[in-house]
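Thanks for coming, everyone. Please have a look at it first.

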Amino acid sequence: MSGGVDSAVAAARAVDAGHDVVGVHLALSRMPGTLRTGARGCCTIEDSMDARRVATALDIPYYVWDFSERFQADVIDDFLSEYAEGRTPNPCLRCNEKIKFEALLDRAVDLGFDKVVTGHYARVDDGANGIELHRASDEAKDQSYVLAVLNEQQLEHCWFPLADTPTKELVRQEAEQRGFALARKPDSHDICFIPDGDTRGYLNEKLGTSPGEIVDQEGEVVGEHDGAHGYTVGQRKGLRIGRPASDGKPRFVLELRPKERQVVVGPKESLGVTTVAGERISWAGRRPEGLEDGLDVHVQIRAHADPVPAFATLEGEELVIRPEDPLFGVATGQSAVIYAGTRVLGQVTMDRTERVEPATV
Amino acid sequence: MNDLPRYFDHAATSPLRERAREAMLTLGPLANPASTHRAGQRASALLEEARERIAACVDAHPTEVVLLSGGTEAVNLGLKGLWLSRNQGRDAVVSAAIEHAATMDSLEWLERQGATVHTVGCSPDSVTHTDVDLGSAAMATISWANNETGVLQPVEPWAAAADEARVPLHVDAIAALGHVPVAFRASGATCMSIAAHKVGGPVGAGALLVSRAAKLTPLLHGGGQQRGLRSGTGDVAGAIGFAVALEDALAELEQERLRLSAFAARIREAAKRPGVRITGETAERLPGTVHLTVDGANAEALTFLLDGFDIQASNGSACTAGVVQESHVVRAMGVSGAPLRLSMGWSTTEQDADALVKALPDVIERARASR
């Protein structure tokens with residue numbers, strides 16, 4: 001129970017369904033005294049009290065469990081080291097994988113509980129392929145992308161009561177009807193441990209500035225930067241490149257090379273990615289069959305990206321995904337989640353991409 | 001009737017005793033005890049009577065009892081008040097390492113005001129060392145009983161050392177009051193903190209006992225009540241509730257010592273399993289408090305599993321967000337494992353003890369098996 005409206009309604013529905021429910025709030029911040037600094041972020045004392053109020057209204061026991069050490073090691077340190085390696089991690093996905101559905105789930109199972117219930121928008125079904133993870137009914141709120149990292153054992157102990165809610169607005173209305181004071185509390189959008197939303201400032205503070213060169217695809221120096229982690233693949237603004245490109249067209253960040261402290265820029269068409277691949281693979285249920293020969297799937301490369309048709313094959317240890325049309329704005333470190341219709345097959349952390357060959361002039 | 005069944009957290013708050021509640025409720029409308037009219041005089045008489053009764057319970061003169069809002073205020077006034085009145089050139093503060101947060105945080109604040117804090121460690125059973133050098137310290141502070149482990153502390157040698165070095169001594173007797181005899185004047189302390197809700201009195205009432213020779217600077221300024229040491233309108237109801245609860249606690253002290261010691265012995269016996277260490281087995285301790293550390297267990301799992309048996313216990317002290325924090329007391333003891341504090345008091349029944357003794361072995365096993 002984060003103190004938000006979704007987990008509050010999920011808890012209420014679990015209670016309504018007649019289960020023996022216990023509310024747990026995760027203390028993830030190293031500074032439990034942190035007070036809310038805005039309407040964003042989570043895990044503040046105020047959030048903890050909001051969750052407690054709901055638990056009291058539902059007449060269920062409520063606990064705050066401290067997972068701050070695991071959160072630091074598995075989410076924050078991972079976040080920083082991925083950025084230091086020039087990748088763009090998704091900390092929410094890592095938190096689901098390592099904290100909510102591993103540390104918390106393990107403890108819950110050990111203490112005699114059957115399921116971890118959360119307010120995520122996604123659906124777990126016992127389907128034709130055993131346990132299956134599907135998109136939620138409300139596609140605008142669907143969170144199956146950040147849950148794709150869960151494996152079969154984890155999914156068996158998950159229950160998402162908001163799966164079939166047509167829209168988030170209905171969840172808010174239900175919270176109001178149930179008399180929850182947090183019914184109109186704003187959604188949290190940012191990374192919870194960067195409450196002011198300034199990711200670049202946070203990274204500069206934690207990783208330090210390491211000035212380097214901005215180069216074009218031919219390796220020619222076209223500018224300077226304060227630290228490669230301040231850039232994201234696909235970024236156009238704020239490059240501070242002194243002179244215009246020879247073709248006069250805008251340039252985009254194509255690649256980050258933290259070891260060489262280089263940011264590579266180039267024209268938009270060079271951003272097009274024809275292949276994404278990686279070895280850090282997980283299957284959301286049983287491993288799909290026919291991967292060696294390849295499967296027609298849809299791939300989603302960011303939390304809010306549209307899924308696009310692609311062909312996925314397992315080549316040795318590597319899952320290789322080739323979209324029908326080039327993908328833009330692919331950042332390594334993010335997950336490529338593959339879907340069959342609404343069903344999540346699995347995901348791979350993208351370590352490697354292949355690009356459209358630069359147009360010959 | 002027992003309104004709080006299976007409640008093993010008397011060290012956090014001992015629930016309000018029925019007689020204290022009645023005494024407070026039957027007071028009727030009251031004027032300001034500092035007012036000079038007859039209605040004020042009636043209130044003042046009630047307040048002063050309560051002060052006298054509290055003083056009599058703790059071997060203090062009534063003028064030495066400064067009534068406050070509770071233990072935290074008492075400790076703050078004792079430490080900061082002594083510090084602000086210290087002798088020129090004396091900036092060292094000597095403290096036991098295992099004090100309550102009210103002391104630890106006040107000392108941290110004093111450090112920012114220029115104090116040098118020296119902490120004195122303890123044995124693995126949480127008995128603070130006595131080889132304490134007070135030299136030219138500004139002041140010293142120690143507890144009568146540790147609030148987490150219930151182990152009694154060496155107040156006597158500390159007081160002797162303080163006396164010899166002519167250093168004012170603050171004693172935090174909040175955990176000890178009402179469970180073992182506490183005598184202010186005989187102790188040699190300059191100031192002593194006590195609180196009502198640890199003996200079944202109301203939350204929001206406490207006192208600092210201040211010897212008449214003490215030099216103490218007040219923290220709250222205003223109407224100059226209570227020798228100017230604590231301005232603010234006197235809380236008659238709180239003082240009366242405190243006095244009644246304390247008198248009742250002392251009247252049954254010996255009988256409760258026997259009753260609760262017997263429960264505690266059974267609980268310790270039930271807890272004795274591989275991986276469990278009982279704190280202070282050979283030390284002197286409060287009769288109704290059992291403290292143990294469980295190797296390989298998670299602190300939250302211990303209290304959570306006990307809650308599953310409707311048994312209310314704690315790992316030590318809690319913070320505002322309800323997060324279990326690592327205990328600085330257990331750390332100072334040099335002991336590993338998850339702490340569990342089971343503290344009993346006036347409301348504890350044989351049935352409560354039976355339920356705990358029955359559940360504890362299973363809870364410890366399961367907590368050790370949980371991740």
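Before the helices, a word on angles: axes are lines fitted to C-alpha atoms, for helices over the stretch in contact, and angles run from 0 to 180 degrees between N-to-C directions. Helices (H or I, at least four residues) and strands (E, at least two) are DSSP runs, numbered from the N terminus.

Some housekeeping. This is a predicted model, where local features need pLDDT of at least 70 and side-chain atom pairs count only at pLDDT 80 or more, while totals for chains, interfaces and linings use all residues. Residues are numbered from 1 along each chain as its sequence is written, chains are lettered from A and ligands numbered from 1 in the order in which they are written, and side-chain values use heavy atoms, with hydrogens and water left out.

I start with chain B. The axes of H3(B) and helix H4 (residues 101-112) of chain B come within 9 Å and cross at roughly 30°. That makes H3(B) roughly parallel to H4(B); angles under 35 degrees count as roughly parallel, over 145 as roughly antiparallel, 65 to 115 as roughly perpendicular and the rest as oblique. Which residues of H3(B) meet H4(B)? They are Thr72(B), Val75(B), Asn76(B), Leu79(B), Lys80(B) and Trp83(B), and on the H4(B) side are Ala102(B), Thr103(B), Ser106(B), Leu107(B), Trp109(B) and Leu110(B). Contact here means heavy atoms within 4.5 Å. By class, this contact of H3(B) with H4(B) has seven nonpolar, four polar and one charged residues. Ala, Val, Leu, Ile, Met, Phe, Trp, Tyr, Cys and Pro count as nonpolar, Asp, Glu, Lys and Arg as charged, and the others, Gly among them, as polar.

Seven strands form an open sheet in the order E1-E7-E6-E5-E4-E2-E3 (chain B), with mixed pairing. Two strands pair if DSSP finds at least two bridges between them. At the edges are strand E1 (65-68) and strand E3 (116-120) of chain B, each pairing on one side only. Within the sheet, strand E4 (residues 139-143) and strand E5 (residues 169-172) of chain B run parallel and are joined by four bridges. Thr141(B) has His170(B) in E5(B) as its bridge partner. Helix H3 (residues 71-84) of chain B lies across several strands, including E1, E4 and E5, and runs at about 165° to E6(B).

On to chain A. Strand E4 (residues 122-127) and strand E5 (residues 130-135) of chain A pair in the antiparallel sense over six bridges. E4(A) and E5(A) form a hairpin with two residues between them, and Val124(A) stands opposite Leu133(A).

Chain A also has an open sheet of four strands, ordered E8-E7-E10-E9, with mixed pairing. Strand E8 (221-225) and strand E9 (252-257) of chain A each have a single partner strand, so one side of each is left without a neighbour in the sheet.

Last, the domains. Chain A is assigned domain 1 (5-119 + 161-184), domain 2 (209-268) and domain 3 (271-355), with bounds from an automatic or database domain assignment. The C-alpha centres of domain 1 and domain 2 of chain A lie 39 Å apart.
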